[in-house]
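Please keep the model open while you read these notes. Take the points in order and find each element on screen as it comes up.

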Amino acid sequence: MNLLETLSHTVPATGMFANAWWMIAAPLLVAAFLLLAGRVADAWGHFVAVAAVVFSFSIAACLFGEMLGRGAEERAVESTLYTWFSVGTWTFDVGLQIDQLSILFAMLITGVGSLIHIYSIGYMAHDERRRRFFAYLNLFVAAMLTLVLANNYLILFVGWEGVGLASYLLISFFQHKKSAADAGVKAFVMNRVGDFGMLLAIFTMLAMFGSSKFSVVNAGVPEMPAIWATLLGVFLLLGACGKSAQVPLQAWLLDAMEGPTPVSALIHAATMVTAGVYLVVRSHVVYEHSMIAQTAVVVVGTVTLLAGAWIGTSQDDIKKVLAGSTMSQIGYMMLAAGIGPAGYAFAIFHLLTHGFFKANMFLGAGSVMHGMHDDVNMRNYGALAKVMRYTYWTFFCGYIAIIGFPLTAGYFSKDHIIEAAFHYNVVIGLCALIGAGVTAFYMTRLMFMTFWGKQRWQPGVHPHESPKVMTLPLVVLAALSIVAGALMNWWIQTWLEPAAGNHPHEVSLIPTPIGLLAIAVVAAGVATGWYFFGRGDIPKVAPASKNPFTLVGRNVLYGDQLNDAVIVQPTYALAAASDATDRHAIDGLFDGLAHGFGGLSTQVRKLQTGYARSYALTMTAGVVVTAVVLILAHLA
Amino acid sequence: MTNPENVLMLAGVLFTIGALGVMLRRNALVAFMCVELMLNAANLALVTGSTMNGGLDGQVASFFVMVVAAAEVVVGLAIIMTIYRTRRTTSVDDANLLKL
């Protein structure tokens, strides 16, 4: 089937679809209400927030059901709500595009979002700023839905900035801690770099096609000059790197763990950070017309999947291990999205399963912290499996899902990516395979340090299981971590084909040679984890190490130092140089000029003697000179 | 009728005397009279020119000069009187405060 035909094939919104905008409006209105209502809503505001997200989820589920009932040709729906503004020949509409791709995202955002909202009722129960927290969470859900449901890049960008704002507000939610405030600023500033790329991409589209609508851009890309297609792809990739914490804009994600744990689960694991993958898949037509941009996506994804895994191996903070793991898994998705039509569906597949199992594990980590007096250092954990049954078993489900234990969610989604990577390029495939092994290693390390082994609790800490309101979402997410892969494995490729332009592949339960190899590598990773962390005691403080791999990992690949040396210090130097230039050169020039005129006037002033007779003499002389000149001119 | 050129010469001599008086004399009253002398020298030149050309333009202009001179006398004498009252002098060199 012709790609372009399928892309531009949307039907007008009718029935349920005409009300799709309520999905965005409900959480947005509730967010505004909660922020304006004041202390009146302190006692019950969070229930309204949960209701708003559940409401959005129910709309998304209804739409999904209706789409399932329709033929593949009629599933993608586009509706223009109103015209935002017109400038010259450009008109910017606020419109929604609900197709096979965006509905999956909407379901993930509102579904996982609902569970995390419910979990937060328990997690934030004792926080005096709980109402504000839920308002921000709702703001995030509204912005994220805007991002994925928009039918043009400009509205997408509105959502893009909205999630950036919500992310900033929630990372620095514990604003009394300087580290949290700094982390929020860092995330915000680093995201601006990516947004710069997004803006350039939108400008390019407007200059080239006069519109930023997906359908117009997709139709126009094949005709545009190759160099512009490449630039467009690179600009979009820069945007994706910023939002999805891909190398080289990865340094903010680990600091973002300063935010409350439900935030880490929702924003910095399941949804917002995957927006970059959504962007690349949504813009797949651009990448299909530029080999260079596509290769750049693959390289970025591969580098990030290894970098994230590397960071995960050496951190002692449970949330930072998971953050490194998130980076790494998004690297897999990017890699798949860059492979081309063979990988789009796998990227989205892994994105969904990762959304389930990573949200599950983050919430599990939050539950552990809840029981351990907010301690995040895994060296103070150990043997928690016995005291936190629900948390342990649900976390264990996430663990086997992420390492790719056969028949769990991660097994299906990640193996497809590794296999596609091998078909694309053997080196890339090997990197993906190594990443899978390292993932198994650091997750096993996390399990040994947290749940297994001997207890190393701080004095006075009495771990206990979290309340039901927190464990229930964990159970649901754990179930999804196990079964989501098998549920979607045979279905998602054909489902996404019209929207993502992927080419469905045969998938079967019998592992291919590469699949068997991947299982072997994962087993080796688990065994290595056991060898280093399962046999002996784990020291209470991280042992001094001269191993360069460990040192680099502990220092988060020296990302901060690199940014400092490459960006921050030169910026300071530039500022100092501008200051010196301004102070000495510019000010000197004008001060000197002023002094010169001052001196000159002092001299001129002396002509004013105050003697009327000398003025008379001057006047007479002037008249004589003028007369002489006139006469001479007359004579000449 | 005398030769008009001689009259113009006289006007020139009178104007020069007036101008030199303004520049050289310190007494404000004398300097003032010298200004009047210059104005009248100009009047004489205008009237002579008018006679030479057989028109009335110069004579009309001399009336305007006389009006201006009268007005100037009023203001000028008032200034000199005021200066004399406050400073007990009529020397223009003593009224030299208008400087930095």
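**Notes on the predicted complex**

1. Start with a turn. A:Gly88 has a positive phi near 55 degrees, and it sits in the hairpin of β2(A) and β3(A), where two residues lie between the strands. Keep in mind that this is a predicted model.

2. β2 covers residues 77-87 of chain A, and β3 covers residues 90-98 of chain A. They pair in the antiparallel sense, over nine bridges. A:Tyr82 has A:Val94 of β3(A) as its bridge partner. A:Ser79 is partnered by A:Leu96 in β3(A). A:Glu78 stands opposite A:Gln97 in β3(A).

3. Which strand joins β2(A) in the parallel sense? It is β1(A), and two bridges join it to β2(A). Here A:Pro12 has A:Glu78 of β2(A) as its bridge partner. As background, strands of a sheet pair through backbone hydrogen bonds, either parallel or antiparallel.

4. Step back to the whole of chain A. It has 25 helices and three strands. Its C-alpha trace spans about 115 × 65 × 60 Å along the principal axes. Of its 636 residues, 52% count as buried. Take the contacts in chain A with a separation of 6 or more: residues 24 or more positions apart account for 81% of them.

5. How is chain A divided into domains? The domain assignment gives domain 1 (1-278), domain 2 (290-551) and domain 3 (561-635). In chain A, the C-alpha centres of domain 2 and domain 3 lie 71 Å apart.

6. Go next to helix α15 of chain A, residues 318-339. The helix has 22 residues and reaches 32 Å from its first C-alpha to its last. That is close to the 32 Å expected at 1.5 Å a residue. Is α15(A) enclosed or in the open? Of its 22 residues, 22 are buried, so α15(A) is largely enclosed by the rest of the structure. A:Gly340 follows α15(A), and its phi is positive, near 115 degrees.

7. Compare that with helix α3 of chain B, residues 57-87. At 1.5 Å a residue, its 31 residues should span 45 Å; the end C-alpha atoms are 44 Å apart, which agrees. How many residues of α3(B) are buried? The number is one of 31, so α3(B) lies largely in the open. B:Arg88 follows α3(B) with a positive phi near 55 degrees.

8. Now see where the chains meet. Eleven residues of chain B are in contact with ten residues of chain A. The side of chain B that touches chain A has eight nonpolar, one polar and two charged residues.

9. Last, check the confidence. The predictor gives the complex an ipTM of 0.85 and a pTM of 0.80. Chain B has a mean pLDDT of 90, and 98% of its residues reach 70 or more.

Note on methods: Residues numbered from 1 in each chain as written. Chains lettered and ligands numbered in written order. Predicted model: local features only at pLDDT ≥ 70, side-chain atom pairs only at ≥ 80, totals over all residues. Domains from an automatic or database assignment. pLDDT = per-residue confidence, 0-100. Helix = DSSP H or I, 4+ residues; strand = E, 2+ residues; numbered from the N terminus. Expected span 1.5 Å × (residues − 1). Buried ≥ 20, exposed ≤ 12 C-beta atoms within 10 Å, placed from the backbone. Contact = placed C-beta atoms within 7 Å. Nonpolar A, V, L, I, M, F, W, Y, C, P; charged D, E, K, R; others polar. Pairing = 2+ DSSP bridges.
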